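Have the sequence and the 3D view open as you read.

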Amino acid sequence: MHLTYSASPQEASGIAGWATELVETMGGPGAGLAIALENLFPPLPSEVILPLTGFAAGQGVLSLASALFWTTLGSVVGAVALYWIGAAFGRERMHTVWGKLPLVKASDLVRTEEWFAKHGTKAVFFGRMVPIFRSLISVPAGVERMPLHVFVALTTLGSLIWNSVLVMAGYWLGDRWETVGTYVGFASKAVLALAVLAVVAYVASRLRSSSRARHRRDS
């Protein structure tokens, strides 16, 4: 069955068109592949791929159960790949790189590691529902060598919730599936804005600290 949807020529030849071809050609495994790649390359938006997959399920291109199974499997596969990248990078190399960065101290990374050790399970679980962060959280989990079975379980559950919401939204909205991306896009921008503000506040704090330390040395 050919999947048709209301989109501009640019959208049809872009990510939505690419995802459509995968789903039409491969069915559920195609949707899973698209989401696995989305995890590895965060600029690929799950808020486009998942609702489109739900719309395809509504059109009979694949079953709803297949859509949820394969997209969740794809999420886990992509996340595990990033986990192993973090594990290969390793704690010692991370400390070496960190030590060369300006405005940071070794103790900052140690505190971050302690925070992740205490709250890492929540970060991995809830992080699967935050655009962009859902991919990046896999790397520190690998660096810190979170037990793989725990990481996979949390990733599976968090991904199933996120995927289900977006796939079902596309399923119920039909040819208006692309409106899901609009609302999720607003949320993504808000999350990114908060992250940027946090980084700016952190850098400003480090600069003030360095300035006070120099002032004490000079006085």
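How are α3 and α4 oriented relative to each other? They are roughly antiparallel, because angles over 145 degrees count that way and their packing angle is about 170°. Keep in mind that this is a predicted model. Two packed helices are described by the angle between their axes and the distance between the axes, and you'll meet both below.

**α3 with α4**
- Helix α3 covers residues 28-40 and helix α4 covers residues 46-58, and their axes sit 10 Å apart.
- If you look at the handedness, the α3 and α4 crossing is left-handed.
- On the α3 side, the contact is made by A31, A34, I35 and E38, while α4 brings in S46, I49, L50 and T53.

**α3 with α5**
- The axes of α3 and α5 come within 7 Å and cross at roughly 30°.
- Angles under 35 degrees count as roughly parallel, so that's the label for α3 and α5.
- This crossing of α3 and α5 is right-handed.
- Residues of α3 that take part include G28, G32 and A36, and they belong to a contact with α5 residues, among them W70, G74 and G78.

**α5 with α10**
- Helix α10 spans residues 148-173, and α5 packs with α10 at an angle of about 140°, with the axes 8 Å apart.
- That angle makes α5 oblique to α10.
- The α5 and α10 crossing is right-handed.
- Among the α5 residues making this contact are L64, L68, S75 and W84, and the α10 side includes F151, T155, N163 and Y171.

**A patch on the surface**
- F69, L73 and V77 form a nonpolar patch on the surface.
- Together, F69, L73 and V77 have about 270 Å² of accessible area.
- To find F69, go to helix α5, which runs over residues 64-89.

How values were computed
Residues numbered from 1 in each chain as written. Predicted model: local features only at pLDDT ≥ 70, side-chain atom pairs only at ≥ 80, totals over all residues. Heavy atoms only, no water. Patch = residues over 30% accessible without salt bridge, like charges linked within 9 Å, V, L, I, M, F, W, Y side chains within 5 Å. Areas by Shrake-Rupley, 256 points an atom, 1.4 Å probe, with all protein chains shown as cover. Salt bridge = Lys/Arg side-chain N within 4 Å of Asp/Glu carboxyl O. Helix = DSSP H or I, 4+ residues; strand = E, 2+ residues; numbered from the N terminus. Axes fitted to C-alpha atoms, helices over the stretch in contact; angles between N-to-C directions. Parallel < 35°, antiparallel > 145°, perpendicular 65-115°, else oblique. Left-handed = near helix turned anticlockwise from the far one by under 90°. Contact = heavy atoms within 4.5 Å.
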